[in-house]
Amino acid sequence: MIKPDILSQLQKIIGEEGVLTTKEDLYAYSYDSTATWTHLPDVVVMPTTTDQISQVLKLANENKVPVTPRGGGTNVSGGSIPIKGGIVLCTTRMNKILDINKTNLTATVEPGVVLQDFNQALAKEGLFYPPDPVSFLGCTLGGNVAENSGGPYCVKYGVTKQYILGLEVVLANGYVMHVGGVTVKNRTGYELAMLFTGSEGTLGVITKITVRLLPMPLANKTMMAVFDDMAVGGQAVSNIIGRGVVPAKIEFVDNFVIRRIEEITPMGLPVDAKALLLIQVDGNPAGVEMDTKQIVDILKESGAKNVKVAKDAAEAETYWKMRSAGFAAVFGAAHTVIAEDVAVPRDKLAEFIKKLEEISKRTGFFIQYLGHAGDGNLHPSIFTDMRNKEEFERAQETMGEIFRAAMELGGVLSGEHGIGLEKQRFLKEAMDPVAIDIMKKIKGILDPNNILNPGKIWEEGEA
Ligand SMILES: Cc1cc2nc3c(=O)[nH]c(=O)nc-3n(C[C@H](O)[C@H](O)[C@H](O)COP(=O)(O)OP(=O)(O)OC[C@H]3O[C@@H](n4cnc5c(N)ncnc54)[C@H](O)[C@@H]3O)c2cc1C
């Protein structure tokens with residue numbers, strides 16, 4: 001329980017309207033988009049300025065109160081669950097786009113700006129910020145930086161870290177630090193902005209973000225390829241990249257998602273297909289035509305049963321809506337859905353899919369998957385019910401086998417969702433022990449009282 005005098009100091013710093021304590025409010029900030037974790041905070045604060053965040057952290061640090069930063073709460077690794085109670089510090093009232101600079105191709109935003117709002121503001125200026133987590137309707141730029149998020153566009157354009165130029169970060173002791181800047185090049189000392197990118201709220205609270213932008217591509221085209229075999233679809237991805245054509249997006253959707261979406265919103269999808277690849281190319285109009293033709297040829301040579309090129313923007317949008325609805329279709333399918341995130345080298349995608357099929361057969365668990373195939377990044381899901389302890393444990397063991405299968409192929413434990421609570425028991429298998437030790441030492445220097453998002457990344461008792 002938070003002491004009454006700390007609560008009244010928080011109210012003084014933020015104002016009463018920005019400090020939430022009712023049971024309903026606390027419940028609303030006790031979960032994120034994972035299915036298996038919840039924990040009530042003692043209080044939720046909704047600051048509107050960096051100075052308020054600085055004062056909150058100073059107070060929390062002096063009194064050793066845990067602080068869990070939170071943006072949209074859309075993460076799927078347990079990252080914004082206040083597992084040790086204390087304060088949830090939610091940035092959604094800090095939602096101003098501070099600057100869009102068309103000449104410099106940069107923008108500066110507050111951390112609570114919702115990605116979709118940012119994209120719409122940029123589109124009006126003919127500008128483009130590529131990192132596009134599919135949760136764009138609810139996730140914030142602060143959460144995207146803290147998770148170093150990816151998305152469909154990352155095949156061609158890279159992930160969030162490739163766009164960060166500068167950050168303002170409030171450290172655990174309340175100090176407001178600036179790292180990086182607004183220039184495209186900056187070789188002044190260590191790349192500290194990268195240290196906070198992907199730090200999952202454990203090293204500091206990000207309060208201002210300057211990103212690099214691109215001009216909006218002039219043209220794009222979407223294709224949908226139908227496969228009778230999932231591994232053949234996976235191999236087609238390697239074949240495309242191997243020929244030196246790099247589409248903007250290559251997404252994979254399996255039969256389960258195709259059927260669920262067709263049930264919910266009929267859109268004429270091929271419900272018998274074992275897998276679909278959705279591909280988008282973009283750039284100048286002539287280049288787009290050339291790439292489209294080449295990719296259609298490669299898809300056919302690679303065994304696609306059918307390849308459709310969307311005739312117009314409306315048809316393309318239907319296909320991408322289907323992909324965006326993928327997680328929603330999956331999450332509603334069982335009491336507990338363990339939806340995961342692994343990445344393998346792109347040329348190992350077909351082999352990984354075969355391994356998943358083998359694991360599914362052996363364990364008896366149906367494994368559903370969709371994902372950013374162009375990055376070798378799949379989201380395998382297992383449907384279970386955590387109320388059945390024995391089955392839930394077997395489901396978790398099966399997910400462990402999936403992680404290990406990915407790592408044996410040279411892949412990684414998380415492509416984009418982070419470690420949070422969900423994957424900390426696998427960290428030791430996934431990283432060099434010396435690297436883990438260095439990370440813990442960095443955490444110890446920046447947050448000696450372990451107030452920032454405690455209980456995350458490392459297992460209990462290790463941080
Ligand atoms: C339907 C769906 C689709 C998704 N698709 C993708 C996808 O394609 N690619 C992808 O990468 N992810 C995806 N995600 C996961 C998620 O949306 C991303 O991780 C996203 O970046 C989280 O942003 P958020 O604002 O919701 O952050 P939150 O969930 O609130 O927080 C995420 C982490 O960041 C920390 N944090 C938040 N704000 C700050 C801050 N200002 N300073 C310091 N730390 C902070 C939190 O403590 C937490 O550890 C998806 C999730 C859903 C539900």
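Is K96 buried, partly exposed or exposed? K96 counts as partly exposed because its relative accessibility is 47%, where buried means under 20% relative accessible area, exposed over 50%, and partly exposed in between (1.4 Å probe, protein chains only).

Before we go further, a word on the ground rules. This is a predicted model, in which local features need pLDDT of at least 70 and side-chain atom pairs count only at pLDDT 80 or more, while totals for chains, interfaces and linings use all residues. Residues are numbered from 1 along each chain as its sequence is written, and side-chain values use heavy atoms, with hydrogens and water left out.

Back to K96, then, and to its partner. K96 forms a salt bridge with E110, and the closest N and O atoms are 3.9 Å apart; a salt bridge here is a side-chain nitrogen of Lys or Arg within 4 Å of a carboxyl oxygen of Asp or Glu. This pair links distant parts of the chain, 14 residues apart. E110 sits in the loop between strand 6 (106-109) and helix 4 (115-124), and K96 in the loop between strand 4 (87-90) and strand 5 (97-101). Helices (H or I, at least four residues) and strands (E, at least two) are DSSP runs, numbered from the N terminus. E110 counts as buried because its relative accessibility is 10%.

By this rule the count comes to 23 salt bridges. Another one joins the side chains of E315 and K311, at 3.2 Å from N to O. E315 is buried, with a relative accessible area of 15%, whereas K311 counts as exposed at 68%. Both belong to a network of salt bridges that also links K308.

K441 is exposed, with a relative accessible area of 52%, and D437 is partly exposed, with 35%.

Now let us visit the ligand. There are 36 residues around the ligand, and P69, T74, S135, T140 and S149 come nearest; a residue is near a molecule if one of its heavy atoms lies within 4 Å of it. The shell divides into ten nonpolar, 22 polar and four charged residues. In this grouping, Ala, Val, Leu, Ile, Met, Phe, Trp, Tyr, Cys and Pro count as nonpolar, Asp, Glu, Lys and Arg as charged, and the others, Gly among them, as polar.

A backbone N or O atom of G143 lies 3.5 Å from an oxygen atom of the ligand, and a polar backbone atom of I206 is 2.8 Å from a ligand nitrogen. Taken alone, the ligand exposes 980 Å², and the protein buries 96% of that; accessible areas come from the Shrake-Rupley method with a 1.4 Å probe, and for residues only the protein chains shown count as cover. Strand 3 (67-70), helix 5 (141-147) and strand 10 (205-212) are the elements that give two or more residues to the shell. Helix 5 gives the most, with five residues.

L40 is found in the loop between helix 2 (23-28) and strand 2 (43-45), and counts as partly exposed because its relative accessibility is 38%.

Definitions and conventions
Polar contact = N/O pair within 3.5 Å; in protein donor to acceptor, adjacent residues only side chain to side chain.
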